[in-house]
Amino acid sequence: MLSVLIIIMIALTGCNWFSWGLLNVIDPEAQIRVSCSGITDGTISLEVYSLNEVEFIGEGFSYKYYSNGVLIPNLSKTVGATFYVAPSTSPGSPGPVTTIDLLLYYQEVQDYMTSNPLVTEMTCTICLIGTDGAGHNILKSVTVNLPVIQPEPEPEPEPEPEPEPEPDEILQANIEIVSWEQGYDIVTIYYEIENTGNIDIDFYEVWFTIKCTDDSEYIGWNADWDVKVGEKKMGSCIKVIEGKTVTSVSIKSSDLS
């Protein structure tokens, strides 16, 4: 009798039920899969789907941040976000895909990096939280130890006198803002730098003034290496500004070496 039951279960569900156990055949739990389709401007794009005939109702995401592998407890948080993942029509085959754009970090993470300049790297582990159609509570990893943010740059240094270049050496560049955009709490400024001098630029820094509707101002910063004579290069500056609407951006200053 038991052998007949096993044969019937294999015929109905395929061999995958062995990896999930006999209980998952009797009381099936949603087999949720999560894949990353890209990371842009501090936002990760996710694709979530089910591999069996059980739906899933997402309830949110849990965030844990680590500095050099050590958990930072006061940055851990759970963010509510309701979404639906439809069941698959055939066991073992991916069901309809639900796409989600998820922020990798929030303002408190940015503030932590600013107030702790010795932190050289921060990683993030995100888990998906929800309940499937059979009532099982599910916690599914989205990212594990994903680098999410670099330390804030040092404040703009006071200009220091530099020796006058030789008459036959001209170190200069033309920097122009090409476009900018604001998505969620992240502002991205795209710019072009052209070496208009007669010697190579080994390193450059550029600062931007970002103005908001409430007349507040923020400073963005970016730097890069190696711009050859006559060369044009594109660059971008990313700045997190929480809860504000940006009205304009402009170049504040730059430094070449």
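Which residues does Tyr 65 touch, not counting residues up to four places away in sequence?

View 1. Tyr 65 touches Val 70, Leu 71, Ile 72, Leu 75, Leu 104, Tyr 105, Tyr 106, Val 109, Met 122, Thr 123, Cys 124 and Val 148, not counting residues up to four places away in sequence; a contact means heavy atoms within 4.5 Å. In this predicted model, local features need pLDDT of at least 70 and side-chain atom pairs count only at pLDDT 80 or more, while totals for chains, interfaces and linings use all residues. Residues are numbered from 1 along each chain as its sequence is written, and side-chain values use heavy atoms, with hydrogens and water left out.

**View 2. The largest nonpolar core.** This core has 33 residues, and those with the most contacts inside it are Phe 61, Tyr 63, Tyr 65, Met 122 and Ile 126. A nonpolar core is a set of buried Ala, Val, Leu, Ile, Met, Phe, Trp, Tyr and Cys residues joined through side-chain atoms within 4.5 Å; buried means under 20% relative accessible area (1.4 Å probe, protein chains only). Apart from it lies another core, of 17 residues, including Tyr 204 and Cys 212.

View 3. Strand 11 (residues 201-212) pairs with strand 14 over nine bridges, and Cys 212 stands opposite Val 246 in strand 14.

How values were computed: Two strands pair if DSSP finds at least two bridges between them. Helices (H or I, at least four residues) and strands (E, at least two) are DSSP runs, numbered from the N terminus. Buried means under 20% relative accessible area, exposed over 50%, partly exposed in between (1.4 Å probe, protein chains only).
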